[in-house]
Amino acid sequence: MRRMAVFSVILSLLLLLLSGCGGSGSKSTAGGKTGGTRVIKVANYFAESHPQNVALREKFKKIVEDKSGGSLKVEIYPNSALGAEQEFYNGVRNGTIEMGIPGLIMQNDIPKMGVPEWPFLFKDFEHVKKVLNGPIGKEITAELEAKHGVVPLAWSANGFRMFSSNRTIDSIDDFKGLRLRMPNIPNYITIGKLLGANVTPLPISEVFTALEQKVVDGQDNPIATLRASGWYEVQTDVLESKHMFSPNVYVVNKKFWDSLTDEQRKIIQEAAKEAANYEFELMEKSYEEDKKFLQEHGIKFTTPNDEFVKQMEKAVQPLYDELFKKYDWAEDLYKRIKAEAE
């Protein structure tokens, strides 16, 4: 009994000591705290070499940690390390992850968040930046905080989507009979069908095999993805259609955001904007580099002429007719975005 009592006292002292140490060697908790430092976990689905993660490392992390004087620490989790897009976005919403850089996955609940991916909406990168970094960009993200509990910090770029295929597409008629893989998103599928293709929705993980085995003839994505995924090995052509722009958005959990000091919020906000602007620059530069790489690996690029572009825009007009009918704000917003290109 005496030995048991001594053991009990020793065990109690040991547990007390451990709790007092607070696990100093551990990583951040769900609340984002490690001792006196607030930890910001940033999740995304891009490869480590992608401009998104380059910008996070070279700009966001450096600025936040330097300017906060050690009160903030940034941990970057690329390549779906904290779950696929929906999973890590849910993590940001519920606070288990402080920040994330999703695409427009929230558009099913917040229709305006799908606007930047409407077809043939943007002229070029400058047009995109002018719109998304201005009043319209704030209007599009206005409901995120109230509906999803996340605060938008900055817009960044995934890029303009292009059609890659195993044959040349240089007219609207060439879409007829084309077996085209598209993401399983209603607007994407509708666009493919309206252009005249036979659409097969597939997850991105199955695209290479589907192209290699000729289950599908083509797909659509920014050419950075075409290069990174190795699809150029089983494709011959790219149509520089720029039929859709895919952005990403820096978001932070609202409760975590509200728990920071005014100075910390200011540092994070400025760092996010600088990193996102840098990522846009990297994406623009990488396009020419990716195009050159793909051409050197046998990919033929076709730039559609004005007539072909007009034919594609006319083909997808029924989608706009449906959107304008469904949402009373849609047509006005479309016209204002188009006007920003002038």
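How many aromatic pairs does a search of the whole structure find? The search finds 18 aromatic pairs, where the rings of Phe, Tyr and Trp (its six-membered ring) pair if their centres lie within 6.5 Å, and planes under 30 degrees apart count as stacked, over 60 as edge-to-face and the rest as tilted. The model is predicted, with local features needing pLDDT of at least 70 and side-chain atom pairs counting only at pLDDT 80 or more, while totals for chains, interfaces and linings use all residues. Residues are numbered from 1 along each chain as its sequence is written, and side-chain values use heavy atoms, with hydrogens and water left out.

**View 1. The aromatic pair of F125 and F160.** The ring centres of F125 and F160 are 5.5 Å apart and their planes stand at 90 degrees, so the pair is edge-to-face. It links distant parts of the chain, 35 residues apart, with F125 in helix 4 (residues 125-132) and F160 in strand 5 (residues 150-165); helices (H or I, at least four residues) and strands (E, at least two) are DSSP runs, numbered from the N terminus. Both F125 and F160 are buried, a term for under 20% relative accessible area, computed with a 1.4 Å probe on protein chains only.

**View 2. The aromatic pair of F245 and F280.** F245 and F280 form a stacked pair, at 6.5 Å centre to centre and with 5 degrees between the planes. Because F245 lies in strand 9 (residues 237-253) and F280 in helix 11, the pair ties together parts that are 35 residues apart in sequence. F245 and F280 are both buried.

**View 3. A ring cluster and charges over rings.** Ring pairs join W118, Y320, F324, Y327, W329 and Y334 into a cluster. K112 lies over the face of W329, at 5.3 Å from the ring centre, and the charged end of R227 sits over the ring of F293, 4.0 Å from its centre; the criterion is NZ of Lys or CZ of Arg within 6 Å of the ring centre and within 35 degrees of the ring normal.

View 4. R38, in strand 2 (residues 37-43), is buried yet has no salt bridge, and E98, the nearest side chain of opposite charge, is 7.0 Å away. A salt bridge requires a side-chain nitrogen of Lys or Arg within 4 Å of a carboxyl oxygen of Asp or Glu. The side chains of R38 and S259 contact each other through polar atoms at 3.1 Å.

Methods: Buried means under 20% relative accessible area, exposed over 50%, partly exposed in between (1.4 Å probe, protein chains only). Lys and Arg count as positive and Asp and Glu as negative; His and the chain ends are not counted. A polar contact is a pair of N or O atoms within 3.5 Å; within protein, one must be able to donate a hydrogen and the other to accept it, and residues adjacent in sequence count only if both atoms are side-chain atoms.
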